[in-house]
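Hello,

Here is the structure I promised to pass on to you. Have a look at it first, and then read on for my notes.

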Amino acid sequence: MKSFFKKFVNGGDAKLTLIVVGAILFTAAFACQTGGDTVPSDAELQALIKETTSDFANAVETEDFSRLHSKASSDFQATYTAAQAKNAFSTFIEKKQAVLPSLKNAASSNASFSKVPSIRQEKGVNVLVVDGDFDSKPYPVKFAYEYVWRDGGWKMLKLVVNM
């Protein structure tokens, strides 16, 4: 084995070097997933949904949607400004005393899915679709979220919250 590595390192056998380099590249190509081609595990889904809901609750509480906006996908950011997102959810802000307890409680409970989470294709891009609710108190929190795979992770594409 030592002689194998010595030959490889010292460039003693060009054919052997090409085979080893080719094997490394071949393995690396399959090991590096583009991502976003499978539905995440339940634990990963719960964490993602809770984070989105928590970010939304924070935006409603502070009346500042810039953090939620900055964490969203570039697609969402290109469609809506933080001010437009704030305007779209103005009803939540107006009624924040009533809705914040439920939104905050949602982050500490697990979501139930109304449909099995799935991946759909849109213009050649994988979109993760999750619909469901949190059995939160005093009001249940219903959600329909969509995420797109960007920069090595799922980024929020669509945010619909009903109470």
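What covers the buried residues of H8? The cover includes H3, helix H7 (90–94), strand S3 (125–134), strand S4 (141–150) and strand S5 (153–162). The buried residues of H8 are Lys96, Val99, Leu100, Ser102, Leu103 and Ala106, where buried means under 20% relative accessible area, exposed over 50% and partly exposed in between, with a 1.4 Å probe and protein chains only. Helices here are DSSP runs of H or I with at least four residues, strands are runs of E with at least two, and both are numbered from the N terminus.

Before the rest, a word on the source. This is a predicted model, in which local features need pLDDT of at least 70 and side-chain atom pairs count only at pLDDT 80 or more, while totals for chains, interfaces and linings use all residues. Residues are numbered from 1 along each chain as its sequence is written, and side-chain values use heavy atoms, with hydrogens and water left out.

Now the overall picture. The chain has eight helices and five strands, and its pattern along the sequence reads α-α-α-α-α-α-α-α-β-β-β-β-β. Of the 163 residues in the chain, 34% are buried. Among contacts (heavy atoms within 4.5 Å) between residues at least 6 apart in sequence, 52% join residues at least 24 apart. The accessible surface of the chain is about 9,900 Å², and carbon and sulfur atoms hold 56% of that; the areas come from the Shrake-Rupley method with a 1.4 Å probe, and for residues only the protein chains shown count as cover.

Back to H8 and one of its neighbours. The axes of H3 (residues 42–62) and H8 (residues 96–106) come within 9 Å and cross at roughly 155°. Therefore H3 is roughly antiparallel to H8; angles over 145 degrees count as roughly antiparallel, under 35 as roughly parallel, 65 to 115 as roughly perpendicular and the rest as oblique. Axes are lines fitted to C-alpha atoms, for helices over the stretch in contact, and angles run from 0 to 180 degrees between N-to-C directions. From H3, Lys50, Thr53, Phe56, Ala57, Val60 and Glu61 meet Lys96, Val99, Leu100, Leu103, Lys104 and Ala106 of H8. By kind, the residues of this contact are seven nonpolar, one polar and four charged.

Glu94 lies in helix H7 and counts as exposed, at 64% relative accessibility.

A few backbone details may interest you too. Most residues other than glycine have a negative phi, and most peptide bonds are trans. Glu63, in the loop between H3 and helix H4 (66–71), has a positive phi near 60°, and this residue is partly exposed at 33% relative accessibility. Asp151, in the loop between S4 and S5, has a positive phi near 50° and is exposed, with a relative accessible area of 80%. A cis peptide bond joins Lys137 and Pro138, with omega about 5°; Pro138 sits in the loop between S3 and S4.

And where is Ser73 found? Ser73 is in the loop between H4 and helix H5 (74–79), buried with a relative accessible area of 1%. Leaving aside residues up to four places away in sequence, Ser73 touches Val148, Lys155, Met156 and Leu157. Ser73 and Asp151 are 78 residues apart in sequence, with 9.3 Å between their C-alpha atoms.

Best wishes

Conventions
Nonpolar A, V, L, I, M, F, W, Y, C, P; charged D, E, K, R; others polar.
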